[in-house]
Amino acid sequence: KYCTYLLEYLSDLGYASIGMNGYISLSFQEINAYIQSIGVKLDAWECVWLKELSTAYVNESYDKSPTKFAPYSSGKYTFSSDDAILAAFSGLGKSK
């Protein structure tokens, strides 16, 4: 519905890899090995999105701004389901 399966795959992949200086985004080789191991056929755009999501995770994990939550934390914008996401954004754009 909202490509949540890609988030599940990213979680299974571990979000990022460890390089010499810390986190690095997942490589296409790692993504390909994972999807082959679970027997799933993904389109190219889905693999690109997994790579982009991993890169975003790494970038956010290095952002030390005190007003931002780390991507792995249980900050105020953590959602456990599609319904929670829809409920959180249902009031946007409505005038009071």
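A contact means heavy atoms within 4.5 Å.

**Figure 1. Overview of the predicted protein model.** Among contacts between residues at least 6 apart in sequence, 53% join residues at least 24 apart. The protein has four helices and two strands, which are DSSP runs numbered from the N terminus (helices: H or I, at least four residues; strands: E, at least two). Along the sequence they follow the pattern α-β-β-α-α-α. Of the 96 residues, 21% are buried; buried means under 20% relative accessible area, exposed over 50%, and partly exposed in between (1.4 Å probe, protein chains only). In this predicted model, local features need pLDDT of at least 70 and side-chain atom pairs count only at pLDDT 80 or more, while totals for chains, interfaces and linings use all residues. Residues are numbered from 1 along each chain as its sequence is written, and side-chain values use heavy atoms, with hydrogens and water left out.

**Figure 2. The largest nonpolar core.** This core consists of 11 residues: Leu 6, Tyr 9, Leu 10, Leu 13, Leu 26, Ile 31, Tyr 34, Ile 35, Leu 42, Cys 47 and Leu 50. H1 gives the largest share, four residues. A nonpolar core is a set of buried Ala, Val, Leu, Ile, Met, Phe, Trp, Tyr and Cys residues joined through side-chain atoms within 4.5 Å.

Figure 3. Ile 31, Tyr 34 and Ile 35 are buried in H2. Seen down the helix axis, the buried residues of H2 fall within an arc of 90 degrees, so they line one face of the helix; the arc is that of the directions from the axis to the C-beta atoms. These buried residues pack against H1 and H3. Leaving aside residues up to four places away in sequence, Ile 35 touches Val 40, Leu 42 and Cys 47. On the other side of H2, Gln 29, Gln 36 and Ser 37 are exposed.

**Figure 4. Tyr 62 and a nonpolar surface patch.** Tyr 62 lies in the loop between helix H3 (44–61) and helix H4 (82–89). Tyr 62 counts as partly exposed because its relative accessibility is 40%. Together with Ile 18 and Tyr 23, Tyr 62 makes a nonpolar surface patch of about 330 Å². Patch residues have over 30% relative accessible area and no salt bridge; like charges are joined within 9 Å, and nonpolar side chains (Val, Leu, Ile, Met, Phe, Trp, Tyr) within 5 Å. A salt bridge is a side-chain nitrogen of Lys or Arg within 4 Å of a carboxyl oxygen of Asp or Glu. Accessible areas come from the Shrake-Rupley method with a 1.4 Å probe, and for residues only the protein chains shown count as cover.
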